[in-house]
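Dear colleague,

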Amino acid sequence: MVSELINANPIMYEKKEHRARSMPTTVEEYAVEPIDQQEVFDHVRDIKDPEHPYSLEELKVITKDAIEVDDQQSYVRITFTPTVEHCSMATIIGLCL
């Protein structure tokens with residue numbers, strides 16, 4: 001934790017419900033399972049902010065709409081927005097994502 005907070009009073013947002021995972025009816029050991037925007041969001045939404053005990057979703061640092069997925073090209077891009085401009089924790093958040 002940092003001794004002096006950059007954003008001592010961040011705006012909090014409501015968390016959305018987690019999506020229930022559906023299991024395929026036939027399971028093949030080496031079958032490729034496609035990923036989508038919601039699955040990636042579900043993996044990163046609960047990462048805690050380095051300065052606060054809140055998740056990146058609660059601080060609206062990440063949103064589902066800011067995630068691009070191209071499963072055919074094995075491409076995922078997550079665009080995040082720090083709570084303040086010139087956030088010194090942006091690199092740590094990026095590494096966590």
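Where is lysine 48 found? Lysine 48 sits in the loop between α1 and β1, where helices (H or I, at least four residues) and strands (E, at least two) are DSSP runs, numbered from the N terminus. Before going further, please keep in mind that this is a predicted model, in which local features need pLDDT of at least 70 and side-chain atom pairs count only at pLDDT 80 or more, whereas totals for chains, interfaces and linings use all residues. Residues are numbered from 1 along each chain as its sequence is written, and side-chain values use heavy atoms, with hydrogens and water left out.

Overall layout

The protein chain has two helices and two strands, and from the N terminus on these elements follow the order α-β-β-α. Of the 97 residues in the protein chain, 26% are buried, a term that stands for under 20% relative accessible area, with exposed meaning over 50% and partly exposed lying in between (1.4 Å probe, protein chains only). Among the contacts (heavy atoms within 4.5 Å) in the protein chain with a separation of 6 or more, 58% are accounted for by residues 24 or more positions apart.

Because six of its eight residues are buried, α1 is largely enclosed by the rest of the structure. The buried residues of α1 are Gln38, Glu39, Val40, Phe41, Asp42 and Val44, and they pack against β1 and β2 (75-78).

A nonpolar core is here a set of buried Ala, Val, Leu, Ile, Met, Phe, Trp, Tyr and Cys residues joined through side-chain atoms within 4.5 Å. The largest such core has 10 residues, namely Val40, Phe41, Val44, Ile47, Leu56, Leu59, Val61, Ile62, Ile67 and Ile93, and α1 gives the most to this core, with three residues. In soluble globular proteins, nonpolar side chains tend to be buried together. Valine 61, one of the core residues, is in contact with Leu56, Phe80, Thr81, Thr83 and Ile93 once its neighbours within four places in sequence are left aside.

To return to lysine 48, its contacts, leaving aside neighbours within four places in sequence, are with Pro53, Tyr54 and Ser55. The C-alpha atoms of lysine 48 and isoleucine 93 are separated by 8.9 Å, although the two residues are 45 residues apart along the chain.

Arginine 45 also lies in the loop between α1 and β1, and it is buried, with a relative accessible area of 0%. Its side chain makes a polar contact with the side chain of aspartate 42 (3.0 Å); a polar contact is a pair of N or O atoms within 3.5 Å, where within protein one must be able to donate a hydrogen and the other to accept it, and residues adjacent in sequence count only if both atoms are side-chain atoms.

Histidine 52 lies in the loop between α1 (37-44) and β1 (67-70), and is buried, with a relative accessible area of 7%. Histidine 52 and proline 10 are 8.8 Å apart in space, C-alpha to C-alpha, and 42 residues apart in sequence.

Two residues with positive phi

Most residues other than glycine have a negative phi, and most peptide bonds are trans. Lysine 60, which is not a glycine, has a positive phi of about 60°; it is placed in the loop between α1 and β1 and is partly exposed, with a relative accessible area of 43%. Histidine 86 has a phi near 60°, again a positive value in a residue other than glycine. Histidine 86 is found in the loop between β2 and α2 (90-96) and is exposed, with a relative accessible area of 72%.

On a 1 Å grid over the protein atoms alone, a cavity is a set of points where a 1.4 Å probe fits but cannot get out, and lining residues have an atom within 4 Å of a point; a pocket is an open set with protein on both sides within 12 Å along at least five of seven lines. Grid points are joined across faces, edges and corners, and a volume is the space filled by probe spheres set on the points. The count comes to one cavity of 30 Å³ or more. The largest cavity holds about 40 Å³ of space and is lined by Asp49, Glu51, Thr83, Cys87, Met89 and Ile93.

The second largest pocket has a volume of about 220 Å³, and of its 13 lining residues, Lys16, Phe41, Glu57, Thr63 and Lys64 lie nearest its centre.

With best wishes
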